[in-house]
Amino acid sequence: MNKLLFLIPLSILLSSLLVVSFLIKNKLEYSVSGNKSFPLERPMETTFHPTHSGLNIIVLRLQNPQLMDYNTYTVSLLGEAGNTIKKLEFNAQNVGDPSNIRLQFDPVSNSTDIRTLRIDPVSGGKLHVYIDDSDQISFTAYYRASTFQISWPQFSDLAFFAVWLTLLVGLFVTYLKWQKSS
Amino acid sequence: MTKPANIIIFATFFYLFLSPFFFHPDLKIIYHHSQFLSAGVVNIYSFLAQNPEHSSLGQFVYPPLTYLVFGILFPVVRIFAGSEFTSWLAQGNTAVVTPFIFRYLFLLKLPLVLVHLYTGYLISRFFKDQRDQALSLSLWYFNPISIYTVAIIGQFDIFPVFFTVASLALFHKKKFFWSVVCLGLGASLKTYPLLLLPFVSLAASEKWPRRIGLFIAGLVPYLIFITPFIRDPNFITNVLASGLSQRLFSAEVSIGFDKGVMLVPAAILVLFFHFANQKEKMSRLPYYLSAVLLVALSVSHFHPQWVLWALPFVVILLTKRFQVWPMVLFSLSWVAVLAFFPDNFLLWGVLSPLEPQVFSLPSIISIMPDTLPWQNLAQTFFAAASIWLAVEAVKHHE
């Protein structure tokens, strides 16, 4: 068996990366993932400082308990001085118990000026917002890339990748030894 | 010639390399539900019904042994996955944006990959010649159905598949009792191995009392696991009477007056009567088992991973009598069925750990011109390939 066969899984991974990079123009800007549901009774703010211009999608994790809420809510993206850079609205009828709600809009050219994301409550509203352990609002933001970019995943879990690579290298070395002995 | 051991090492490398990078929510949901075993919950069906705050990802729709197996795996996986693992499991079906996503996917799939690798080893042991062993291993590990089902979407169908292969291995060692027990255990994870039980019982003996005894012995493990829940309406609704369980029996030919003939049971009965008249039942058993599952899948609206059920027996058939065209048609038509499946989680969604925005892409079927019934065509070609293989299986003599 040819040693070059070991490059097949790598080529599957790289071709998958090329496909998604070609198909998807909206790239990940920022993400906070939380699992605590918190009632929206006062304006809730979270620090958000995009590093790319062209912000165009915000995905919020929300809960409309028993689907009873029919109010319209406002999400604001604020600058350093508290000025509104983008205001977005959504209706709680589109929120599940719980679900993600995707707000897509024209790319914001000066999105690097954004410093804060805020959600305002509505009188009598029942909506819940998901937050993480640091009380940051759970959301994901994307920007529209103006040029072709490879969507490199975040390889930030170094401990895992160290173990995983060691395992794979160990298998490859074992293969070479066995092949030599046979 | 490549030694079988080298193929197993390469397959291990292949599956462990790919498994962290592809996602499907089903396995995550099963682990999420099964974590409640550690909290002392035995009846997950009524627990979820009574605690809707824990059922945001849906109900548990698999038999009780599945809950038990993943409930035992969960604390082991959690040790290596880290403190945020449990809260990630509770998140929605698109929760791929987390720094630990690759670690989670690797750990969730690792038990499946190991069982898949061992199942390949068991299949290769059906053959004495090293060349046949190498061919059977290559066919089992490096076909699109295995790679997609185990390494890409991580479906636990490999567990009942393992039990059906173990059952056949025990049958060949003339350990008939344990062979049918294995089928019962497989059926306790996903019900389909019960379709094979009459054939194994029939082949194990020439005497009807012994055959009936073995058939009952095969049912016992299944009954042991489901009996405590049989009066629970949540279990009946979500498992026994679920749409998934009924799919194999929904294909009908109308005979008028609102009545019909169920195709899958009719075809299996034909195979059973045909098998009952064979003289060499023991040696022909694997081929009839492949025919049963192929015929059942050919006229069912199956989930792509269900085809793995038939694959071990198809691999045994093709190793004995290698045929290119049925295999190519079978694989390509399966890929077409998958490509036209109107479910983005099965298609673009698997790439979401690499790029989470793939969930927003339209499914392939939604952008195809509606001049042709694409899904029906793919199903029809798959049915043709399956029946072709089933006929070859029934015709095959040692």
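Predicted model: local features only at pLDDT ≥ 70, side-chain atom pairs only at ≥ 80, totals over all residues.
How are helix 1 of chain B and helix 7 of chain B oriented to each other? Residues are numbered from 1 along each chain as its sequence is written, while chains are lettered from A and ligands numbered from 1 in the order in which they are written.

**View 1. Helix 1 and helix 7 of chain B.** Helix 1 (residues 4–18) and helix 7 (residues 130–141) of chain B pack at an angle of about 15°, their axes 9 Å apart. Helices (H or I, at least four residues) and strands (E, at least two) are DSSP runs, numbered from the N terminus; axes are lines fitted to C-alpha atoms, for helices over the stretch in contact, and angles run from 0 to 180 degrees between N-to-C directions. The two helices are therefore roughly parallel (under 35 degrees).

**View 2. The side of chain A that touches chain B.** In this view, 37 residues of chain A are in contact with 36 residues of chain B (C-beta atoms, placed from the backbone, within 7 Å). Helix 2 of chain A gives the most to this side, with 10 residues.

**View 3. The surroundings of K126(A).** K126(A) lies in the loop between strand 8 (116–120) and strand 9 (128–131) of chain A. Leaving aside residues up to four places away in sequence, K126(A) touches N64(A), P65(A), M68(A) and D69(A). The C-alpha atoms of K126(A) and A145(A) are separated by 36 Å.

Note on methods. Contact = placed C-beta atoms within 7 Å. Parallel < 35°, antiparallel > 145°, perpendicular 65-115°, else oblique.
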